[in-house]
Amino acid sequence: MPHHVQGVIARSQGAPVELVTIVVPDPGPGEALVRVLACGVCHTDLHYREGGISQDYPFLLGHEASGIVEEVGEGVTDVAPGDFVILNWRAVCGNCRACLRSEPQYCFNTHNATQRMTLEDGTELSPALGIGAFAEKTLVHAGQCTKVDPAASPAVAGLLGCGVMAGLGAAINTGGVGRGDSVAVIGCGGVGAAAIAGARLAGATRIIAVDIDDRKLASAREFGATDTINAREADVVESIQALTGGNGADVVIDAVGTPETWKQAFYARDLAGTVVLVGVPTPDMTIELPLLDVFGRGGSLKSSWYGDCLPSRDFPMLIDLYLQGRLPLERFVSEEIALDSVEDAFTKMHDGDVLRSVVIL
């Protein structure tokens, strides 16, 4: 029988979110019903509310989540009722050209649930990133469930579902940070802080944090930054070069995603160094560079999608590192809130007052 639960929706562009009753179907073939335990409030949810991703209102928001599998549909073998899982939006297909060339982290045909969750009047909901986890229960494709050690805190585990994984992966997977490297991270919100933690985990010896907010720079030191630069007070490129023997950093990660910060990253890296763009630009943004500079500086210019993560590979490993005390995921949780406080959490996020507000159900 369908499940009637509480969920947070965005009904129209820019309007405050609403807590309403939603209807969640029983799982069909390949699907899983998950009882949500915790869900982080991510910038992407705000983009959905503001119409920055699509106009397919109403949206069921929330995607950075952990929970317990309650039921599975026909043909599901990877997870079972009772499993503690992190939800992800990269349920790889195994058949697209990326998967067939053994690069499933770039899967171009990821799976979502076939059935739609609805309002009580039958209006179909568009789940954020195919998940929709600001709800007591949600319906997803079973491949969107990654089983991890249940000893992990649900509030912490769910963060790997999006923002924290994006930052960690930008450093470890996309940037290929290694032992002895110098790394600069521009933008020290949740994603940037995670990139700093990832660089530290990978063995970088100099990790430079750049931001315009001294609160975020102080927090960056807690995640492993060895040096900080306030971009309002100093030239970013010159400062990074000065901290790296005049050369620039081996890897520079742009966790903001504007033309200005990307140019800073481009010129603040060493010759043959790597630039990683993980901050998401808006559609109107453009960039212009002398082509000779692109040629002359060499190296790699990369973008990082979801931290180039493969959930089945990365989530269990990172949870194990957290449980061993080697990855301080708990520091990302600024506050735990109720389901009816998502709108207030958006305001705090916009004002830079939190790394992550996490809804606890």
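Contact here means heavy atoms within 4.5 Å, and every view below is drawn from a predicted model.

**View A. Packing of helix α4 (residues 163–174) against α5.** The crossing in which α4 passes α5 is right-handed. On the α4 side the contacts are made by G163, V164, A166, G167, L168, A171 and I172, which meet V191, A194, A195, A197, G198, A199 and L201 of α5.

**View B. The buried face of helix α6 (residues 214–223).** L217, S219, A220 and F223 are the buried residues of this helix; seen down the axis of α6, they fall within an arc of 160 degrees, so they line one face of the helix. These buried residues pack against α5 (190–202) and against the strands β12 (206–211) and β13 (227–230).

**View C. The two ends of α6.** At the start of the helix, a side-chain oxygen of D213 comes to within 2.8 Å of the backbone nitrogen of R215, while just after the helix G224 adopts a positive phi of about 125 degrees.

View D. T138 is buried, with a relative accessible area of 0%, and its side chain reaches the backbone oxygen of G132 at 2.9 Å. Leaving aside neighbours within four places in sequence, the residues in contact with T138 are V24, A32, L33, V34, V36, L87, M117, I131 and G132.

Notes. Residues are numbered from 1 along each chain as its sequence is written. This is a predicted model: local features need pLDDT of at least 70, side-chain atom pairs count only at pLDDT 80 or more; totals for chains, interfaces and linings use all residues. Side-chain values use heavy atoms; hydrogens and water are left out. Buried means under 20% relative accessible area, exposed over 50%, partly exposed in between (1.4 Å probe, protein chains only). Helices (H or I, at least four residues) and strands (E, at least two) are DSSP runs, numbered from the N terminus. The arc is that of the directions from the helix axis to the C-beta atoms. A polar contact is a pair of N or O atoms within 3.5 Å; within protein, one must be able to donate a hydrogen and the other to accept it, and residues adjacent in sequence count only if both atoms are side-chain atoms. Axes are lines fitted to C-alpha atoms, for helices over the stretch in contact, and angles run from 0 to 180 degrees between N-to-C directions. A crossing is left-handed if the near helix is turned anticlockwise from the far one by less than a right angle, and right-handed if clockwise.
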